[in-house]
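The following exercises concern side-chain packing. Please work through each task before reading its solution.

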Amino acid sequence: MSGGGCSIVWFRRDLRVEDNPALAAGVRAGAVIAVFVWAPEEEGHYYPGRVSRWWLKQSLNHLDSSLKSLGTTLITKRSSDSVSSLIEIVKSTGATQLFFNHLYDPISLVRDHRAKELLTDYGISVRSFNADLLYEPWEVNDDQGQPFTVFSDFWNRCLSMPCDPAAPMLPPKRIISGDTSRCPSDELVFEDESEKGSNALLARAWSPGWSAGDKALTTFINGPLIEYSVNRRKADSATTSFLSPHLHFGEVSVRKCFHLVRIKQVAWGNEGNTAGEESVNLFLKSIGLREYSRYMSFNHPYSHEKPLLGHLKFFPWVIDEGYFKAWRQGRTGYPLVDAGMRELWATGWLHDRIRVVVSSFFVKVLQLPWRWGMKYFWDTLLDADLESDALGWQYISGTLPDGREFDRMDNPQFEGYKFDPNGEYVRRWLPELARLPTQWVHHPWNTPESVLQAAGVELGSNYPLPIVGLEAAKARLQEALSDMWQQEAAWRAAIENGTDEGLGESMESTPIAFPRDIQMEIDIEPTRNNNNTTPIVRHQEDQRVPSMTSSFLRIEEEEESSVDLRNSPEETRAEVPTNMNMGMDTRTEEPNQGGVQAIRAVVNNARRFDNFGLQLQTADSSTAESSSSSRERDGGVVPVWSPSSSFSEQLVVEENGIGSGSSYLQRHPQSHQIINWRRLSQTGGRSWEMDNMVQPNAIG
C-alpha cells in the first residue's frame, strides 16, 4: 500500500462500518475521507423510486452518525457524473488513494472501470474489493472454466468451494479524518414535499441503517429461522427475515449472514435437529439466489433488458396499458394478486411468495412484457434491486435456461389457499372483501349472490370482476406460444437458406418501450472520448472488467437512432376506466422506442454479434425434435422446438442490449468493452419449482 496523503473511501451500496473491506483498507492506509456521491441520472430510467430513496436517506444519516462516532464524517456530493466528482474531491483534498467496493450491474461496471482509468492516469492509487458476495463471479466456474447457467449447479459449486467465504471483519476502533475543509458537503434532496407524507408512514414499519440491519439479522437467526422451512410460505404473518433492503444497501454483510447461519446449522446438526437444518438450507438457498443474480448480471450484462433464450424474442407480448394499470392498482379481480399489489403500493414490500404470484399473473395471464413489471417493481420496492429483479422476472418468464416452462399457468385461487389459507392477508389489503367467508375469499366470482350481499360485495362495482378469464388466458397463451415457435422456425429456416439478411437478429434490438407513466427522463449528452492509454496496475482484489474477444463476430451494417424517453408525473391511483376493453387481445407492434446505441460505441466500431450454443431440453424428453414437432402437455398440444446439437442457439446479444437505460454508457463510450458471453451449458435442466422459488431480492 502506497503511503502519503489521505485516502478516499467511496461508499455506494455498502453503507456500513463493519465488514467493509474498502473502509478497512482506508483506515490501514492512514487518514480517511469518506465520500458518497448521489448521481441518480447515471442510472437512466432506473432512477431510484420513492421508497428506495427514502431508505437511502435514512441509511446515509445513520452511516454519518457512525462515522462521526469513530472520528470522521461523511462527505456527500450531488452530481451527474460520479467520476468527475471524485476527481474534484481528489484535487481539493490532496488524496492519493481511492478505495471502493465492487458492484456488478452493467452501468456500475462501466463507471468503476472508468474511475480506475481516469484516476490512475491522474496519479491516484485505486483499489477495489469484494464486499457484496460470498465469491466473486469469476471465481465460480464449471469444470471447463465456463460460467454456470443453471442455479442448482452454481450454488452446489459455491457450497463445495475449497474454502469458506472470508470471515466478516469487525468495524474499525477509530478513524483518522483527512482534511475536508476545502471539500464541503452538498445537501442531498431525496424527496419532494408531495412524498413526505407517504414516506413518514414507512418509519413506522422499517428502521434503515446498518445497526438496525444487524439487529434484524440477529432477531431472525435467534427466532423465526428455526421454523423457516415450515412457515416461509405464509404470507399472512411475519415469518421471513425482512433482510433484503438491508442487504441491497449493504447495511448487512452477506458474509456475516452466511457465517452466522452456518454456525446455527452446525449446532442444530450436532443436536440432531433436522427441521432446523432444513430451514438453514432453504434460507441459504435464498442467499444463493441473490449471489446468482449478480453472477448472471456480470456474465450476461443484458439480462435486465433481453431474454437469455433467443426464441423468446419472438413472443407476441400484449401491449395493453389498461391491463398494466389494473394490475398496478390491484384491480384485476383476483384477490391474492390484488392484495399483493395494494400492499406493494402502500408499504414498498411484498412477501417473496406473493412476488411470484403477481409476477406470474402479469406474464402468463395478462401476457404483458416482463420488463414492464420489473420496472414497476424497481419503482415501488424498498429493496428494489436490478440484478435480483431481473433474475426473478426472467425466471418467471421462462427466459432462463432453467426457468419455468412458459406454458405453465398457475391459478391465483389455488395459490391463495396455499399461501393465505385463512384469507387474512386478502382481508387485510382488500377491505371490500373483509366479510367474505374463507371458502369464497379467494374466488368471489363464484360466490353465491346471497353471500355476496351479506358481505357487502358488489362485483363490478366495489370489487371488479376478473379482468381476464383463466381459461381464455390459457388458450391465448397457447396461441401465442404457437405463434412464437412458428416465427422462430421461420427465422431459422431463413438463416439456413441465407435469405434473412440479418433481420432476425435485429428485430428486437430495441426492447418494448415502457409505458409513458413509468418512464424516466433520460438526458442524452454528447459522447466523450477517452484516449487514455496508461496501463492500470491490477491487484488480486480488484474487480475484473470483462472484455470482448474477436471470436464469433459478425458485422451488422444497420444504424439505429436513439430516442429520449419522457416521464410524466407520478400517476394518481384513479379507478380503472369503465370503458376499458378487458377482453381485447391487443397484440400491436410497438414502434422503435427507447433503444440507445451505448454498446455500439463501447466496442470501438466492432458492430457485431456473439453466437452461443444452447440445447433446449423438454422436461419429459431427452431427444431432440424438429421445429415442426409437438408434444402433449396438460391435455393440449404445444408445438415445441428442441434443436439438435448442430444448431447454435442465439442468445439475444444485440449491441445496444443495455437498452434505453444506458445514458451513462452513451456519455462514456470508450470506458468499457462488452463482456465475452461464453457458450451456455448444453444441459439446462429446469430445476426450480413454484413452491421453492423466491424472488431473489426478497431474502428469506
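**Exercise 1.** Does F151 count as buried or exposed, and at what relative accessibility?

*Solution.* The model is a predicted one. Step 1: the relative accessibility of F151 is 2%. Step 2: the cut-off for buried is under 20% relative accessible area, so F151 counts as buried. Step 3: F151 forms an aromatic pair with Y292, with 5.5 Å from centre to centre and 65 degrees between the planes, which is edge-to-face. Step 4: F151 belongs to helix α5 and Y292 to helix α11, 141 residues apart, and the pair thus links distant parts of the chain. Step 5: Y292 also counts as buried, at 0% relative accessibility.

**Exercise 2.** Classify the ring pair of W10 and F100, and state which parts the pair ties together.

*Solution.* Step 1: the structure contains 32 aromatic pairs. Step 2: for W10 and F100, the ring centres are 5.3 Å apart and the planes stand at 70 degrees, so this pair is edge-to-face. Step 3: W10 is in strand β1 and F100 in strand β4, so the pair ties together parts 90 residues apart in sequence. Step 4: W10 is buried at 2% relative accessible area, and F100 is buried at 0%. Step 5: the ring of W10 also has the charged end of R12 over it, 4.3 Å from the ring centre.

**Exercise 3.** Determine how many residues of helix α16 are buried, and which helices they pack against.

*Solution.* Step 1: in helix α16 (residues 386-396), eleven of eleven residues are buried. Step 2: these buried residues pack against α11, α12, α14 and α15. Step 3: W393, one of the buried residues of α16, belongs to a cluster linked by ring pairs that includes F324, F362 and W372.

Conventions. Residues numbered from 1 in each chain as written. Predicted model: local features only at pLDDT ≥ 70, side-chain atom pairs only at ≥ 80, totals over all residues. Heavy atoms only, no water. Buried < 20%, exposed > 50% of the residue type's maximum accessible area, 1.4 Å probe, protein only. Helix = DSSP H or I, 4+ residues; strand = E, 2+ residues; numbered from the N terminus. Contact = heavy atoms within 4.5 Å. Phe/Tyr/Trp six-rings, centres within 6.5 Å; stacked < 30°, edge-to-face > 60°. Lys NZ or Arg CZ within 6 Å of the ring centre and 35° of its normal.
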